[in-house]
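This report describes the architecture and packing of one protein chain. The sequence and the model are shown first.

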Amino acid sequence: MTAVAAVAAAGALLAVQTSGPAQALSSSSTFNSASNPVLFVHGYTGDASNWNTMADRFRTDGWPSAYLDQWSYDWRQSNTTTAQQLSAEVDRLLAATGATKVDIVSHSMGGLSSRSYLKNLGGTTKVDAWVSLGGPNHGTDSANSCFDTSCTEMRIGSSFLTALNSGDETPGSPRYATWWSPCDTVINPDSSVSLSGAANTKTACLSHTALFMDATVYAQTRDMINT
């Protein structure tokens with residue numbers, strides 16, 4: 001592969017930061033006294049602003065800003081390191097809101113660090129619902145052309161993924177759900193996203209980044225975590 005092609009392939013993993021309408025689909029499932037704070041975990045090359053549209057939709061549906069944590073981290077580092085930092089962020093969010101559990105909504109690689117937190121760091125006792133939007137849960141060939149530690153962990157058959165997927169893929173009491181698109185050219189194969197024991201949903205023909213922008217995916221995510 002040429003250097004230009006390699007850069008292009010790596011760039012496909014970019015979580016493009018775009019803006020979109022913040023209107024939510026109408027539903028009776030909106031914020032209530034039992035709703036949890038939501039911690040958003042972006043993907044490779046992303047940051048907190050990736051979640052602006054989805055967070056705005058949650059606010060429209062009644063979630064207080066204090067309950068919407070658009071978290072950022074160093075996406076180059078190992079997902080294991082990110083999981084440790086995520087653990088501290090969950091504790092901070094729980095203390096700040098007085099809640100007993102959080103809901104995690106992740107995009108792409110963000111699903112891996114949050115799964116590591118649940119599996120290895122006691123996160124199953126502090127998370128009620130976990131969502132993966134286009135997560136490379138079983139690896140993606142798009143990661144073959146980038147070389148950050150985090151990216152190499154997304155390669156199919158990596159030692160990180162082998163350990164993460166060993167045993168129960170959806171451990172503990174949290175409710176797990178994934179969304180995958182047949183038109184997502186970043187996560188290859190498409191079947192990588194689905195997890196045994198999770199509610200796995202096929203979306204319309206959406207791009208990788210459209211998964212966190214799409215109004216239908218938002219409404220389904222909102223209703224799933226707010227059950």
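**Overall fold**

The model is a predicted one. The protein contains seven helices and six strands. Along the sequence these elements follow the pattern α-β-α-β-α-β-α-β-α-α-β-β-α. Of the 227 residues in the protein, 55% are buried. Among contacts with a separation of 6 or more, 75% join residues 24 or more positions apart.

**Nonpolar cores**

In soluble globular proteins, nonpolar side chains tend to be buried together. The largest nonpolar core in this model has 30 residues. Leu39, Leu86, Ile104 and Tyr117 have the most contacts inside this core. At least two core residues come from each of strand S1 (38-41), helix H3 (79-97), strand S3 (102-107), helix H4 (110-120), strand S4 (127-133) and helix H6 (159-164). H3 supplies the largest share, five residues.

Tyr117 can be followed in more detail. With residues up to four places away in sequence left out, Tyr117 touches Ala83, Leu86, Ser87, Val90, Ile104, Gly122, Gly123, Lys126 and Val127. Two of these partners, Leu86 and Ile104, are named with Tyr117 among the residues that have the most contacts inside the largest core.

H4 is largely enclosed by the rest of the structure, because nine of its 11 residues are buried. The buried residues of H4 are Gly110, Gly111, Leu112, Ser113, Ser114, Arg115, Ser116, Tyr117 and Leu118. Their cover includes S1, H3, S3, S4, H6 and S5. After H4 comes glycine 122, which has a positive phi near 75 degrees.

Helix H7 (residues 215-225) is mostly covered as well, with eight of its 11 residues buried. Those buried residues are Ala215, Val217, Tyr218, Ala219, Thr221, Arg222, Met224 and Ile225.

The model has one cavity of 30 Å³ or more. About 30 Å³ of space lies in the largest cavity. Its lining consists of Arg115, Leu118, Lys119, Leu164, Glu169, Pro171 and Tyr176. H4 gives the most to this lining, with three residues. By class, the lining has four nonpolar, no polar and three charged residues. Arg115 and Leu118 of the lining are also among the buried residues of H4.

**Loops and backbone features**

The loop between S1 and H2 holds tyrosine 44 and threonine 45. The C-alpha atom of tyrosine 44 is separated by 9.8 Å from that of aspartate 148, although the two residues are 104 residues apart along the chain. Threonine 45 has a positive phi near 70 degrees and is a residue other than glycine.

Serine 108 lies in the loop between S3 and H4. Serine 108 also has a positive phi, about 50 degrees, although it is not a glycine.

The cut-off for a buried residue is under 20% relative accessible area.

| Residue | Relative accessible area | State |
|---|---|---|
| Tyrosine 44 | 5% | buried |
| Threonine 45 | 17% | buried |
| Serine 108 | 1% | buried |

Threonine 45, at 17%, counts as buried because its relative accessible area is under 20%.

A further backbone feature concerns a proline. The peptide bond from asparagine 188 to proline 189 is cis, with omega near 5 degrees. Proline 189 is found in the loop between S5 and strand S6 (199-202).

Conventions
Residues are numbered from 1 along each chain as its sequence is written. This is a predicted model: local features need pLDDT of at least 70, side-chain atom pairs count only at pLDDT 80 or more; totals for chains, interfaces and linings use all residues. Side-chain values use heavy atoms; hydrogens and water are left out. A nonpolar core is a set of buried Ala, Val, Leu, Ile, Met, Phe, Trp, Tyr and Cys residues joined through side-chain atoms within 4.5 Å. Buried means under 20% relative accessible area, exposed over 50%, partly exposed in between (1.4 Å probe, protein chains only). Helices (H or I, at least four residues) and strands (E, at least two) are DSSP runs, numbered from the N terminus. Contact means heavy atoms within 4.5 Å. On a 1 Å grid over the protein atoms alone, a cavity is a set of points where a 1.4 Å probe fits but cannot get out, and a pocket is an open set with protein on both sides within 12 Å along at least five of seven lines; lining residues have an atom within 4 Å of a point. Grid points are joined across faces, edges and corners, and a volume is the space filled by probe spheres set on the points. Ala, Val, Leu, Ile, Met, Phe, Trp, Tyr, Cys and Pro count as nonpolar, Asp, Glu, Lys and Arg as charged, and the others, Gly among them, as polar.
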